[in-house]
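Take a moment with the sequence and the structure below. We will start with the surface, move to the whole chain, and then visit single residues.

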Amino acid sequence: FEMAYKNGYAIGAFNVNNMEIVQGITEACKEENAPVILQVSKGARAYANHTYLVKLVEAAVKECPDIPIVLHLDHGPDFETCKACIDGGFTSVMIDGSHLPFEENVALTKKVVDYAHDVAARGRYITVEGELGTLAGIEDDVKVEHGAESYTKPEEVIEFVERTGVDSLAIAIGTSHGAYKFKPGQKPQLRFDILEEVSKRLPGFPIVLHGASSVIPEYVEMINANGGKMPDAIGIPEDMLRQAAKMAVCKINIDSDLRLAMTGSIRQYFMEHPDHFDPRQYLKPARANIKDLVKRKLVNVLGCNGKA
């Protein structure tokens, strides 16, 4: 994060659920010589099992020894989940208390930080991400109706960071979860004024953006052209994310784009090969598309290629 902040780039935090996604991401980062954060949500742990996910990432570390790889818990819902991930081999966790009143968020976040940093004091360095402000949209169990989201209040960030001891802070400046971030005809906007004010109050401190998938049109079109129905899926423009990465944002979460690339690839494959049934056949092009997508993000959005 310190290198990212000083040099105007962000590290990609990509949500993983299975082997092909892990392979596509890490192969792209290996070829682009880029650091990477592989993150797992509560839903991913329920789907794929904690142990399987940890072992997949351990395999990626073995196959890509020259790039830094972090295993991160995304949107940890409670202390128990964060503790289980820390004890179970994760190197970073997020505790999401953003839905709670400020004092409760502080107390919950500090509890996780104290545990993680106590583990770190014994030789395993663990970082903790907290969150202020809420994003609209749906990601696993995180569900906030559009219109009910709240921007981060810059006047709260110093107190929150000082009282909790977090290592990074996720803020809400207009991004949202899912593939439907904006309505047709609506101009995407991010509150760079909030980001700038937060960075002034927390100079040198790493800021995180969630809900930052661009919902790349070519993959939406691929899905719709092959039997899918995803009208009006609109994401965050990549140039806005690149601007954020040049400021205080050191970690950008990318999830929906990976799912769109995989789903579009599989739908297209079955339309072209309706008689095929071997998962190796249709998952191979899906993995290749994920790799191409991640390379694009590393260069055009994150600017972290060549930084490992």
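## A walk through the chain

Proline 231 is exposed, with a relative accessibility of 51%. The cut-off for exposed is over 50%, so proline 231 passes it. Where does proline 231 lie? It sits in the loop between helix H9 (217–225) and helix H10 (238–246). Valine 220 is eleven residues from proline 231 along the chain. The C-alpha atoms of these two residues are 8.3 Å apart.

Keep in mind that this is a predicted model. Now step back to the whole chain. The protein chain has twelve helices and ten strands. Its radius of gyration is 19 Å, close to the 19 Å that the globule rule gives for 308 residues, so the chain is as compact as a globular protein of that length. Its C-alpha atoms fill a box of roughly 60 × 45 × 35 Å along the principal axes.

How much of the chain is buried? Buried residues make up 56% of the 308 residues. Contacts tell another part of the story. Take the contacts with a separation of 6 or more: 76% of them join residues 24 or more positions apart. The accessible surface comes to about 13,700 Å². Carbon and sulfur atoms account for 52% of that surface. The chain also carries 34 positive and 43 negative charges.

Next, the cysteines. A disulfide is a covalent bond between the sulfur atoms of two cysteines. How many disulfides does a search of the whole structure find? It finds zero. Cysteine 29 is in no disulfide, and the nearest cysteine sulfur, that of cysteine 304, is 6.6 Å away.

Now look at the backbone. Most residues other than glycine have a negative phi. Asparagine 49 is not a glycine, yet it has a positive phi of about 85°. This asparagine lies in the loop between helix H3 (42–48) and helix H4 (50–63). Histidine 75 lies in strand E3, residues 69–76. Its relative accessibility is 8%, so it counts as buried.

Move on to serine 168. This residue lies in strand E8, which covers residues 168–171. At 3% relative accessibility, serine 168 is buried. What does serine 168 contact, leaving aside its neighbours within four places in sequence? The list is Phe1, Val128, Glu129, Gly130, Phe205, Pro206 and Val208.

Valine 161 is in helix H7, residues 154–164. It is buried, with a relative accessible area of 12%. Setting aside neighbours within four places, valine 161 is in contact with Val166, Leu169, Leu202 and Phe205. Phe205 is also on the list for serine 168. Now pair valine 161 with glutamate 131. They are 30 residues apart in sequence, and their C-alpha atoms are 9.9 Å apart in space.

The last stop is helix H12, residues 279–302. Lysine 297 is found in this helix. Is lysine 297 buried or exposed? It counts as buried, at 0% relative accessibility. Not counting residues up to four places away, lysine 297 touches Phe14, Ser214, Ile216, Glu238, Ile254, Asp257, Leu302 and Gly303.

Valine 301 is in helix H12 as well. Its relative accessible area is 0%, so valine 301 is buried. Beyond residues up to four places away, valine 301 touches Glu238, Leu241, Arg242, Ala245 and Arg296. Glu238 is also among the residues that lysine 297 touches. Finally, compare valine 301 with glycine 228. They are 73 residues apart in sequence. Their C-alpha atoms are 27 Å apart in space.

Notes
Residues are numbered from 1 along each chain as its sequence is written. This is a predicted model: local features need pLDDT of at least 70, side-chain atom pairs count only at pLDDT 80 or more; totals for chains, interfaces and linings use all residues. Side-chain values use heavy atoms; hydrogens and water are left out. Helices (H or I, at least four residues) and strands (E, at least two) are DSSP runs, numbered from the N terminus. The radius of gyration is taken over C-alpha atoms; the globule rule is 2.2 Å times the number of residues to the power 0.38. Buried means under 20% relative accessible area, exposed over 50%, partly exposed in between (1.4 Å probe, protein chains only). Contact means heavy atoms within 4.5 Å. Accessible areas come from the Shrake-Rupley method with a 1.4 Å probe; for residues, only the protein chains shown count as cover. Lys and Arg count as positive and Asp and Glu as negative; His and the chain ends are not counted. The place of a charge is taken as NZ of Lys, CZ of Arg, CG of Asp or CD of Glu. A disulfide is a pair of cysteine sulfur atoms within 2.5 Å.
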